[in-house]
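Trainee: I am new to this structure and would like to go through some of its helices. Could you show it to me?

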Amino acid sequence: MNFFGHAAVASWSAPAPGVVLGAMLPDFAMMCGGRIEAAEDDAVDRGIALHHATDAAFHRLPVVTALMRELDGMLEQRSCARGPRRAVAHIGVELLLDGVLTGEPAYRAAYLEGLAHDPALRWRDVADAPRFASLLDRLRARGVPEDLRVPDAITTRVHHVLARRPRLAPSPDDLRAIRGALVACKPRVDVAADTVVRALRAALAATPMG
């Protein structure tokens with residue numbers, strides 16, 4: 001799942017905002033190029049643990065792996081290069097699912113409350129803290145990521161992420177293929193979202209959290 005999806009999952013137990021932020025933190029660290037040494041905040045630490053448990057359960061769900069295979073096939077049919085195709089088959093489904101979840105008021109509220117939490121963190125590098133602070137400021141200013149409901153906007157996000165990695169960077173032709181495949185896959189994700197949520201709730205309920 002992506003960061004909004006992690007906030008949604010954290011909201012299921014009605015936790016403190018620190019847990020919600022912690023559930024998003026691994027994604028935020030990756031987005032700002034930082035590495036967290038430790039969270040000096042018990043709620044945030046619980047959220048980070050929940051993030052990893054959620055990812056492990058999510059990527060084992062048959063409905064999720066089926067959607068990723070389907071999007072991969074759509075990209076291959078449109079002649080998307082292998083590197084960006086494999087990456088987009090994974091993150092594209094996650095972002096499309098996040099777009100569906102943004103329509104739930106409880107998830108929106110949890111996300112905004114999580115962003116408002118100020119965590120006590122130790123970073124591996126002294127430059128990581130200001131980069132994270134800058135990212136958090138931008139996310140707070142933007143509010144709920146409404147653009148995740150729109151395949152064109154997801155294509156732009158994917159391009160931004162993959163362009164920094166030479167083997168995954170999409171060409172203009174690849175971007176056209178990505179947009180077309182995301183448009184085609186969106187109705188499938190919209191329909192499957194409830195099944196994904198129910199299956200993930202069940203998987204996490206059966207997962208010891210330590």
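**Helices and their packing**

Mentor: The face of H4 turned away from its buried side carries the exposed residues Pro-62, Arg-69 and Gln-77. Keep in mind that this is a predicted model.

Trainee: What distance does H4 reach from its first C-alpha to its last?

Mentor: Helix H4 covers residues 62-77, which makes 16 residues. At 1.5 Å a residue, the expected reach is 22 Å. The model comes close to that, with an end-to-end C-alpha distance of 22 Å.

Trainee: Within what arc do the buried residues of H4 fall?

Mentor: The buried residues are Val-64, Leu-67, Met-68, Leu-71, Asp-72, Met-74 and Leu-75. Seen down the axis of H4, they line one face of the helix, because they fall within an arc of 160°.

Trainee: Which helices do the buried residues of H4 pack against?

Mentor: The partners lie on both sides of H4 in the numbering: H3 is 42-58, while H5 is 82-101 and H9 is 172-205.

Trainee: Are H4 and H5 parallel, perpendicular or oblique to each other?

Mentor: Their axes are 8 Å apart and the packing angle is about 130°. The contact includes Leu-67 and Leu-71 of H4, and Val-88 and Ala-89 of H5. Roughly perpendicular ends at 115 degrees and roughly antiparallel starts over 145. H4 and H5 are therefore oblique.

Trainee: How far apart are the end C-alpha atoms of H6?

Mentor: Helix H6 (residues 105-116) has 12 residues. At 1.5 Å a residue it should span 16 Å. The distance in the model agrees with this, at 17 Å.

Trainee: What arc do the buried residues of H6 cover?

Mentor: Tyr-107, Ala-110, Tyr-111, Gly-114 and Leu-115 are buried in H6. They sit on the same side of H6, because around the axis they cover an arc of only 130°.

Trainee: Which exposed residues does H6 carry on the face turned away from its buried side?

Mentor: The buried residues of H6 pack against H1, H2, H5, H7 and H9. The face turned away from that buried side carries Pro-105 and Ala-116.

Trainee: How is H2 oriented to H7?

Mentor: The two helices pack with their axes 10 Å apart, at an angle of about 115°. Residues in the contact include Phe-28 of H2 and Phe-132 of H7. The crossing is right-handed. The angle makes H2 and H7 roughly perpendicular.

Notes. Residues numbered from 1 in each chain as written. Predicted model: local features only at pLDDT ≥ 70, side-chain atom pairs only at ≥ 80, totals over all residues. Heavy atoms only, no water. Helix = DSSP H or I, 4+ residues; strand = E, 2+ residues; numbered from the N terminus. Expected span 1.5 Å × (residues − 1). Buried < 20%, exposed > 50% of the residue type's maximum accessible area, 1.4 Å probe, protein only. Arc of directions from axis to C-beta. Contact = heavy atoms within 4.5 Å. Axes fitted to C-alpha atoms, helices over the stretch in contact; angles between N-to-C directions. Parallel < 35°, antiparallel > 145°, perpendicular 65-115°, else oblique. Left-handed = near helix turned anticlockwise from the far one by under 90°.
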